Amino acid sequence: MPDFPKRDPESQRSANQRGAARLAAVQALYQMDVGRQTLEDTLAQFGAFHLGREIEGEQYLPADADFFRQIVGGVTKHQLQIDPAVDKALSEGWPIERVDATLRAILRAAAFELLRRRDIPSKVVITEYVDVARAFYEDDASGMVNAALDSIAKTVPAVE
(Lines give C-alpha, C1' and ligand atoms only; values in the text may rest on other atoms or scores of the structure.)
Protein backbone atom coordinates (compact mmCIF):
# COMPACT_ATOMS: atom_id res chain seq x y z
CA MET A 1 0.00 0.00 0.00
CA PRO A 2 1.52 3.39 -0.98
CA ASP A 3 2.19 6.02 1.63
CA PHE A 4 -0.04 9.03 1.24
CA PRO A 5 1.12 12.42 2.43
CA LYS A 6 -0.26 13.22 5.83
CA ARG A 7 -2.45 16.29 5.99
CA ASP A 8 -2.55 18.70 8.83
CA PRO A 9 -6.11 18.39 10.21
CA GLU A 10 -6.08 22.07 11.21
CA SER A 11 -5.29 23.28 7.67
CA GLN A 12 -7.85 20.87 6.20
CA ARG A 13 -10.52 22.15 8.59
CA SER A 14 -9.64 25.75 7.68
CA ALA A 15 -9.91 24.95 3.96
CA ASN A 16 -13.29 23.26 4.47
CA GLN A 17 -14.51 26.28 6.43
CA ARG A 18 -13.43 28.58 3.58
CA GLY A 19 -15.26 26.38 1.07
CA ALA A 20 -18.39 26.55 3.21
CA ALA A 21 -17.94 30.34 3.46
CA ARG A 22 -17.75 30.58 -0.34
CA LEU A 23 -20.95 28.55 -0.74
CA ALA A 24 -22.74 30.67 1.88
CA ALA A 25 -21.46 33.86 0.22
CA VAL A 26 -22.95 32.76 -3.10
CA GLN A 27 -26.25 32.06 -1.37
CA ALA A 28 -26.16 35.45 0.36
CA LEU A 29 -25.29 37.32 -2.86
CA TYR A 30 -28.15 35.53 -4.61
CA GLN A 31 -30.51 36.52 -1.82
CA MET A 32 -29.35 40.15 -1.99
CA ASP A 33 -29.76 40.21 -5.78
CA VAL A 34 -33.16 38.50 -6.01
CA GLY A 35 -34.66 39.57 -2.68
CA ARG A 36 -33.23 43.09 -2.75
CA GLN A 37 -31.95 42.74 0.81
CA THR A 38 -29.35 45.12 2.19
CA LEU A 39 -25.81 44.03 2.98
CA GLU A 40 -26.37 44.54 6.70
CA ASP A 41 -29.59 42.51 6.78
CA THR A 42 -28.01 39.70 4.78
CA LEU A 43 -24.88 39.51 6.94
CA ALA A 44 -26.99 39.52 10.10
CA GLN A 45 -29.32 36.81 8.80
CA PHE A 46 -26.54 34.52 7.64
CA GLY A 47 -24.49 35.09 10.77
CA ALA A 48 -27.42 34.29 13.01
CA PHE A 49 -29.13 31.53 11.07
CA HIS A 50 -27.07 29.88 8.35
CA LEU A 51 -23.38 29.44 9.09
CA GLY A 52 -22.82 26.03 10.67
CA ARG A 53 -26.41 25.38 11.69
CA GLU A 54 -29.30 23.16 10.68
CA ILE A 55 -32.25 24.90 9.06
CA GLU A 56 -35.38 23.12 7.86
CA GLY A 57 -33.53 19.81 7.80
CA GLU A 58 -30.55 21.23 5.86
CA GLN A 59 -27.23 21.05 7.70
CA TYR A 60 -25.03 24.04 6.91
CA LEU A 61 -21.33 23.35 7.23
CA PRO A 62 -19.28 25.35 9.72
CA ALA A 63 -17.95 28.30 7.78
CA ASP A 64 -15.23 30.87 8.25
CA ALA A 65 -17.60 33.73 9.14
CA ASP A 66 -14.95 36.42 8.67
CA PHE A 67 -14.09 35.13 5.19
CA PHE A 68 -17.81 34.98 4.36
CA ARG A 69 -18.21 38.64 5.36
CA GLN A 70 -15.11 39.61 3.35
CA ILE A 71 -16.53 38.05 0.18
CA VAL A 72 -20.06 39.42 0.49
CA GLY A 73 -18.90 42.86 1.60
CA GLY A 74 -16.13 42.90 -1.01
CA VAL A 75 -18.49 42.07 -3.86
CA THR A 76 -20.82 44.85 -2.74
CA LYS A 77 -18.01 47.38 -2.33
CA HIS A 78 -16.19 46.54 -5.59
CA GLN A 79 -19.13 45.65 -7.84
CA LEU A 80 -18.32 48.51 -10.25
CA GLN A 81 -14.96 46.80 -10.94
CA ILE A 82 -16.25 43.21 -10.77
CA ASP A 83 -19.21 43.37 -13.18
CA PRO A 84 -17.26 44.79 -16.16
CA ALA A 85 -14.55 42.14 -15.62
CA VAL A 86 -17.20 39.39 -15.65
CA ASP A 87 -18.91 40.95 -18.69
CA LYS A 88 -15.63 40.90 -20.59
CA ALA A 89 -15.02 37.25 -19.64
CA LEU A 90 -18.47 36.08 -20.76
CA SER A 91 -19.48 35.34 -24.34
CA GLU A 92 -20.32 38.39 -26.40
CA GLY A 93 -23.98 39.27 -26.12
CA TRP A 94 -24.26 37.75 -22.62
CA PRO A 95 -23.66 40.55 -20.12
CA ILE A 96 -23.81 39.61 -16.47
CA GLU A 97 -27.39 40.92 -16.23
CA ARG A 98 -28.54 38.18 -18.65
CA VAL A 99 -26.94 35.40 -16.62
CA ASP A 100 -29.03 33.36 -14.17
CA ALA A 101 -29.00 34.93 -10.68
CA THR A 102 -27.18 31.98 -9.08
CA LEU A 103 -24.47 32.01 -11.76
CA ARG A 104 -24.22 35.77 -11.36
CA ALA A 105 -23.58 35.32 -7.64
CA ILE A 106 -20.95 32.63 -8.29
CA LEU A 107 -19.15 34.75 -10.89
CA ARG A 108 -19.21 37.89 -8.75
CA ALA A 109 -17.87 36.15 -5.65
CA ALA A 110 -15.12 34.41 -7.60
CA ALA A 111 -14.21 37.57 -9.53
CA PHE A 112 -13.90 39.43 -6.23
CA GLU A 113 -11.40 36.88 -4.98
CA LEU A 114 -9.46 36.84 -8.24
CA LEU A 115 -9.29 40.63 -8.51
CA ARG A 116 -9.02 41.71 -4.87
CA ARG A 117 -7.69 38.75 -2.83
CA ARG A 118 -4.31 38.31 -4.40
CA ASP A 119 -3.16 36.22 -1.42
CA ILE A 120 -5.29 33.29 -2.64
CA PRO A 121 -3.95 31.40 -5.69
CA SER A 122 -6.15 31.74 -8.79
CA LYS A 123 -6.25 27.97 -9.26
CA VAL A 124 -7.72 27.54 -5.79
CA VAL A 125 -10.38 30.19 -6.40
CA ILE A 126 -11.35 28.74 -9.79
CA THR A 127 -11.53 25.16 -8.49
CA GLU A 128 -13.62 26.16 -5.47
CA TYR A 129 -16.18 28.12 -7.50
CA VAL A 130 -16.42 25.47 -10.22
CA ASP A 131 -17.30 23.07 -7.38
CA VAL A 132 -19.92 25.55 -6.13
CA ALA A 133 -21.39 25.70 -9.66
CA ARG A 134 -21.55 21.88 -9.71
CA ALA A 135 -23.49 21.99 -6.44
CA PHE A 136 -26.22 24.05 -8.11
CA TYR A 137 -26.20 22.84 -11.73
CA GLU A 138 -26.01 19.51 -13.52
CA ASP A 139 -25.41 20.95 -16.99
CA ASP A 140 -22.45 22.76 -18.55
CA ALA A 141 -22.64 25.71 -16.15
CA SER A 142 -19.46 24.60 -14.38
CA GLY A 143 -17.58 24.70 -17.70
CA MET A 144 -18.82 28.22 -18.36
CA VAL A 145 -17.77 29.27 -14.85
CA ASN A 146 -14.34 27.69 -15.36
CA ALA A 147 -13.82 29.47 -18.71
CA ALA A 148 -14.99 32.87 -17.43
CA LEU A 149 -12.89 32.70 -14.27
CA ASP A 150 -9.83 31.53 -16.20
CA SER A 151 -10.27 34.52 -18.50
CA ILE A 152 -10.48 36.91 -15.53
CA ALA A 153 -7.47 35.30 -13.83
CA LYS A 154 -5.37 35.88 -16.96
CA THR A 155 -6.02 39.63 -16.73
CA VAL A 156 -4.63 39.88 -13.20
CA PRO A 157 -0.88 40.50 -12.97
CA ALA A 158 1.05 37.77 -11.21
CA VAL A 159 2.02 38.40 -7.59
CA GLU A 160 5.77 38.57 -7.14
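**Entry 1. Overall.** I began with burial: 39% of the 160 residues of the protein count as buried. I took buried as under 20% relative accessible area, exposed as over 50% and partly exposed as in between, with a 1.4 Å probe and protein chains only. The model is predicted, so I kept to its limits: local features need pLDDT of at least 70, side-chain atom pairs count only at pLDDT 80 or more, and totals for chains, interfaces and linings use all residues. Residues are numbered from 1 along each chain as its sequence is written, and side-chain values use heavy atoms, with hydrogens and water left out.

I then looked up the secondary structure, which comes to 7 helices and 2 strands. Along the sequence I read the pattern α-α-β-β-α-α-α-α-α. Helices (H or I, at least four residues) and strands (E, at least two) are DSSP runs, numbered from the N terminus. For contacts with a separation of 6 or more, I noted that 68% are between residues 24 or more positions apart. Contact here means heavy atoms within 4.5 Å.

**Entry 2. Helix α5 with helix α7.** Two packed helices are described by the angle between their axes and the distance between the axes. The axes are lines fitted to C-alpha atoms, for helices over the stretch in contact, and the angles run from 0 to 180 degrees between N-to-C directions. I looked up α5 (residues 101-116) and α7 (residues 141-155): their axes come within 10 Å and cross at roughly 25°. The two helices are therefore roughly parallel to each other. Angles under 35 degrees count as roughly parallel, over 145 as roughly antiparallel, 65 to 115 as roughly perpendicular and the rest as oblique.

I listed the contact residues next. From α5 they are L103, I106, L107, A110, A111, L114 and L115, and from α7 they are A141, M144, V145, A148, L149, I152 and A153. I sorted them into 14 nonpolar, no polar and no charged. In this sorting Ala, Val, Leu, Ile, Met, Phe, Trp, Tyr, Cys and Pro count as nonpolar, Asp, Glu, Lys and Arg as charged, and the others, Gly among them, as polar.

**Entry 3. Helix α6 with helix α7.** I found α6 (residues 122-136) packed on α7 at an angle of about 160°, with the axes 9 Å apart. That makes α6 roughly antiparallel to α7. On the α6 side I noted S122, I126, Y129, V130, A133 and R134, which meet S142, V145, N146, L149, D150 and A153 in α7. This contact divides into 7 nonpolar, 3 polar and 2 charged residues.

I checked R134 separately. R134 counts as exposed, at 53% relative accessibility. R134 and V145 are 11 residues apart along the chain, and their C-alpha atoms are separated by 9.8 Å.

**Entry 4. Helix α3 with helix α5.** The axes of α3 and α5 come within 9 Å and cross at roughly 100°. F67, Q70, I71, G74 and V75 of α3 meet R108, A109, F112 and E113 of α5. I counted 5 nonpolar, 2 polar and 2 charged residues in this contact.

**Entry 5. Helix α4.** Which residues of α4 (residues 79-89) are buried? I found I82, D83, V86 and A89. They cover an arc of only 125° around the axis, which puts them on the same side of α4. The arc is that of the directions from the helix axis to the C-beta atoms. The face turned away from the buried side carries the exposed residues L80 and K88. I also looked up what the buried residues of α4 pack against, and noted α3 (65-77), α5 and α7.

Entry 6. Is R104 buried or exposed? At 12% relative accessibility, R104 counts as buried. R104 lies in helix α5. Leaving aside neighbours within four places in sequence, I found R104 in contact with D33, I96, E97 and V99.

I followed D33 next, in helix α1 (residues 9-35). D33 counts as buried, at 18% relative accessibility. Not counting residues up to four places away in sequence, D33 touches A101, R104 and R108.
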